[in-house]
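These are my notebook entries on one protein chain. I set down what I looked up, entry by entry.

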Amino acid sequence: MSASPRVLFLTVAGAGAGLGHVKRCAALGSALTGLGASVRLAVAGDAQRLGPLGMTLPGFEALQWIGSPRLTLEFAERSGADLVVVDAYRATDELLRALRTRGAVVAAIDDLADRELPVDIVVNGAYRAERRPYADVLGRRLLLGPRFTLLDPGRFRVSFTLGG
């Protein structure tokens with residue numbers, strides 16, 4: 001890896017996908033930026049609607065990468081990313097394998113455990129994620145359970161009063 005790691009996020013937003021994928025990526029991207037990483041966030045779908053929602057996204061770029069493995073791989077190559085983080089159910093296992101062959105560490109943010117996910121790291125911050133039936137992939141690291149939940153601490157506020 002370079003002195004200042006380069007991280008590329010590939011995610012989706014909009015109809016059918018909502019904003020959860022982007023929010024998880026933005027939270028992790030913000031934390032990595034704070035640690036000195038250079039972050040790019042490529043969003044497929046309704047990416048143009050994110051700005052008016054007040055979302056601050058590090059290195060944001062609208063890119064219709066879903067269903068276009070060639071575009072995705074070319075973009076990943078140009079980014080020079082040391083780490084590629086994918087948060088999209090429609091990212092195929094073939095695409096994930098291809099991303100790994102270019103030398104970057106590949107991570108998937110997942111909460112379904114419904115396919116192989118041939119990546120180096122899987123992050124699932126859901127309650128009882130440890131019980132999900134993830135396929136056994138040699139050398140893969142599983143980061144499972146609530147302690148790995150991706151939340152932006154700057155936007156996460158809980159207020160309540162005690163007693164009566």
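**Entry 1: the length of a helix.** I began with the rule that the expected span of a helix is 1.5 Å times one less than its number of residues. I was working with a predicted model, and I applied the rule to helix α1, residues 20-34.

**Entry 2: the whole chain.** I next looked up the overall make-up of the chain. I found 3 helices and 7 strands. In sequence order, I wrote their pattern as β-α-β-β-α-β-α-β-β-β. The chain has 164 residues, and 41% of them count as buried. I also looked up the contacts with a separation of 6 or more, and 43% of these join residues 24 or more positions apart.

**Entry 3: the buried side of α1.** Which residues of α1 are buried? I listed His21, Val22, Arg24, Cys25, Ala26, Ala27, Gly29 and Leu32. I then looked for what they pack against, and found the strands β1 (6-13), β2 (38-45), β4 (83-87) and β5 (105-109). Just after α1 I came to Gly36, which has a positive phi of about 100 degrees.

**Entry 4: the faces of α3.** I turned to helix α3, residues 93-101, where I recorded Asp93, Leu95, Leu96 and Leu99 as buried. Why do the buried residues of α3 line one face of the helix? Looking down the axis of α3, I saw that they fall within an arc of 160 degrees, so they line one face. I recalled that an α-helix has 3.6 residues a turn, so residues three or four places apart point the same way. On the other side of α3, I noted Glu94 and Thr101 as exposed. The cover over the buried residues of α3 includes β1, α2 (69-79), β4 and β5. After α3 comes Gly103, and I recorded its phi as positive, near 100 degrees.

**Entry 5: confidence.** The mean pLDDT of the chain is 85, and 81% of the residues reach 70 or more. Over residues 156-161, however, I found a pLDDT below 50. Beyond near neighbours in sequence, I could count 1 contact for this stretch in the model.

Terms used. Residues numbered from 1 in each chain as written. Predicted model: local features only at pLDDT ≥ 70, side-chain atom pairs only at ≥ 80, totals over all residues. Heavy atoms only, no water. Helix = DSSP H or I, 4+ residues; strand = E, 2+ residues; numbered from the N terminus. Buried < 20%, exposed > 50% of the residue type's maximum accessible area, 1.4 Å probe, protein only. Contact = heavy atoms within 4.5 Å. Arc of directions from axis to C-beta. pLDDT = per-residue confidence, 0-100.
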